[in-house]
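Here are my notes for your next look at the model. Please read them with the structure open.

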Amino acid sequence: MTAYFISILTFVVLSAVLALALNVQWGQAGMINFGLAGFFSIGAYAAAILAVSGINPIISTLAAIVLTAVLSALVALGSVRLREDYLAISTLGFAEAVRLILLNETWLTGGPNGIREIPRPFAGIFDPATYEVAFLGASLVIFAVVYLLLERIIRSPFGRALRTVREDEVVAATLGKDVLALRVKAFAIGGAVAGLAGALHAFYLSYIDPTQFASFVTVYAFMAVVVGGRGSNRGLLIGASTVMVLLEGTRFLKELLPFMNAQQSAALRLLLVGVALILLLIFRPGGISQEYRLAVRTRDVESAPAKS
Amino acid sequence: MAQALLNGFIGGLLIALPAIALSLSYGVLNFANFSIGALITTGAYFAYFYNVDLGLHVLVSVALAGLSLSIVAILIGRLVYQPLGEADHITLLVGSMGVAFVLENTIRLIYGADVRTLDIAVARPIIWNGLRLNNEQLIIIVVSLAAFAVVAFTLKKTALGRAMRAVSDNPPLAEARGLNRGRIVNWTWAISGLLAALAGALVAMDATVEPLIGTNYLISVFAATIVGGIGSPLGAVVGGLLIGLVEELSTLTFPTTYRQGVSFLVLVLMLFLRPHGMFGQAKIKR
């Protein structure tokens, strides 16, 4: 039971990292990434392939991050000057192309069988049970580091410029901001974080195959961001937990409806996630946590000594 | 080679049907409907339901599938997109992805992931000068061309079509002229549902019924719409035929599994060179 909770918590933290990635792209920059699962899978496969070939897992992870960041920048470059719909289409197409490569280029990706026995970093130091806890701890630390880094970016002049581009790019351009560069950078930052999440996923499971990176990954990330509050990172852990509670909590449906087979109850659970996403968009589009705004607290203003 | 051209033409017709639907809904509702793939799949399963579960004739089933999905599409429009209507079009995009997720999993819930086939009498293919055309392909050609004609007539000659084009061109002006937007939106969904269902049901006739039908067409449909110019129904037809031909001809050199990858390359190329497509207006810049 404890092992179950630890694995669930680890998945929550990993999906929260992925949601952080989406929140830079969609939340801050207003750029839709429907191919998030594709970038996530590239991170996972790049890290796995390098690690299996004997390269240090940390270096493999860094390489995966760089690769996804570069690919994200390239995808963004293609459609970034057009309306958001075009980026959504390009990213979706990109993810589809990635999926085809994962399935068909067996020499590189193992095809439908995926990659097995991915060496886990620092596996020699811990015994297996402790390792799970240590991995959860390490994931939490990584989440915290990424969170703090992104918060810094959000509060920096770059973050403000990004939100300006999101709200009105003509205004941003008039103020002398390089809209194209801002968007490509934002997308690359998000891509880097998605790559990191993918690498962690690969090392955690130590086994990856294409079914783990289907479009539901993207839907979960959107769900987590919508629940947590678009543009705000604070709510993401809760958002990711909500998705997991919805997914795991609905397992009892199987006992409630014994006539359903495993496949049907899985479909019903995903169906409920989709309905929840739509209802949230309609009734609670703001999510639980508000986006950061540059504001001066009134108390400070009132108590500030009057300049004479 | 001639056979490849013929197959590409037929494949293109199947892409063009949903591409028109996508273009129409983009024009009138101003967002790219990402649930179009799931609508195609739902259409195929409606045809399966009428044909196999109820035992109706296959052509009757195709027609009923079109009718049923029209109603479903109107309902989705009312229940999902209308309440979301005041949100920005980015939220509508995400909403349409949610709709796709719900539709696909409803199908999996009812029918599972098994590959099924419609109940069709086997007929001898027509062979003419070495060109092979089976009965189902002939039906695809006839039904698609008829559908194009009906859509073209509706858009050009009827009051509804003029109203749809007016809303598409300039929504505030259309509203000021007293056009009932709600009614036009309903009709747009009905036509979109009809076209998507026809595509799904025809694919089901020619090949198999499985939950991934729509997903396998999604990129091709978007590529066709963008090549033709998003928002232009005529462009969607031309784009669909082009993408169909390119995909078919690409299988002469690339493995068939990369069909969608080829469409994606065409799409990216088009976005770089001429993002408003062949028939679209250049104003598409934000």
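Is A:Ile125 buried or exposed? A:Ile125 is exposed, at a relative accessible area of 62%. Bear in mind that this is a predicted model. My points follow.

1. **A nonpolar surface patch.** Together with A:Ile58, A:Leu62, A:Phe122 and A:Phe126 it makes up a nonpolar patch on the surface. The accessible area of these residues together is about 520 Å². As for its setting, A:Ile125 sits in the loop that runs between helix 5 (106-109) and helix 6 (128-155) of chain A.

2. **The interface.** Chain A puts 45 residues in contact with 45 residues of chain B. The area buried between the two chains is about 4100 Å². Carbon and sulfur atoms give 73% of that area. Three residues stand out on the chain A side: A:Arg83, A:Tyr86 and A:Ile89 supply 17% of what chain A buries against chain B, more than any other three residues.

3. **Salt bridges, by count.** How many salt bridges does the rule find across the interface of chain A and chain B? The number is 0. Over all chains, the count comes to 8 salt bridges. The next points take up some of the pairs.

4. **A pair within one helix.** A:Arg99 and A:Glu96 meet through their side chains in a salt bridge, 3.0 Å from N to O. Both residues belong to helix 4 (residues 84-104) of chain A. They are 3 residues apart, about one turn of the helix. A:Glu96 is buried because its relative accessible area, 10%, falls under the 20% cut-off. A:Arg99 has 29% and is partly exposed.

5. **A buried pair between helices.** The side chains of A:Arg183 and A:Glu169 also form a salt bridge, at 3.3 Å from N to O. A:Arg183 lies in helix 9 (residues 179-205) of chain A and A:Glu169 in helix 8 (residues 169-174), so this pair ties together parts 14 residues apart in sequence. Both partners are buried.

6. B:Arg259 forms a salt bridge with B:Glu247, and their closest N and O atoms are 3.7 Å apart. B:Arg259 is in helix 11 (residues 259-273) of chain B and B:Glu247 is in helix 10, so the pair ties together parts that are 12 residues apart in sequence. B:Glu247 is buried, with a relative accessible area of 5%. B:Arg259 is partly exposed, with 31%. Salt bridges with shared partners join B:Glu247, B:Glu248 and B:Arg259 into one network.

7. **Helix 5 of chain B.** This helix covers residues 135-157, which makes 23 residues. From first C-alpha to last it reaches 32 Å, close to the 33 Å expected at 1.5 Å a residue. Its buried residues include B:Ile139, B:Ile140, B:Ile141, B:Phe148, B:Val151 and B:Leu155. What covers the buried residues? The cover includes helix 1 (2-29), helix 3 (58-84), strand 2 (131-133), helix 6 (159-169), helix 8 (181-206) and helix 10 (233-250) of chain B.

8. A:Glu84 is found in helix 4 of chain A. A:Glu84 is buried, with a relative accessible area of 9%. Between the C-alpha atoms of A:Glu84 and A:Phe143 the separation is 28 Å, and the two residues are 59 residues apart along the chain.

Conventions:
Residues are numbered from 1 along each chain as its sequence is written. Chains are lettered from A and ligands numbered from 1 in the order in which they are written. This is a predicted model: local features need pLDDT of at least 70, side-chain atom pairs count only at pLDDT 80 or more; totals for chains, interfaces and linings use all residues. Side-chain values use heavy atoms; hydrogens and water are left out. Patches are made of residues with over 30% relative accessible area and no salt bridge: like charges are joined within 9 Å, nonpolar side chains (Val, Leu, Ile, Met, Phe, Trp, Tyr) within 5 Å. Accessible areas come from the Shrake-Rupley method with a 1.4 Å probe; for residues, only the protein chains shown count as cover. A salt bridge is a side-chain nitrogen of Lys or Arg within 4 Å of a carboxyl oxygen of Asp or Glu. Helices (H or I, at least four residues) and strands (E, at least two) are DSSP runs, numbered from the N terminus. Buried means under 20% relative accessible area, exposed over 50%, partly exposed in between (1.4 Å probe, protein chains only). The expected span of a helix is 1.5 Å times one less than its number of residues. Contact means heavy atoms within 4.5 Å. Buried area is the accessible area (1.4 Å probe) that two parts lose on being put together, summed over both.
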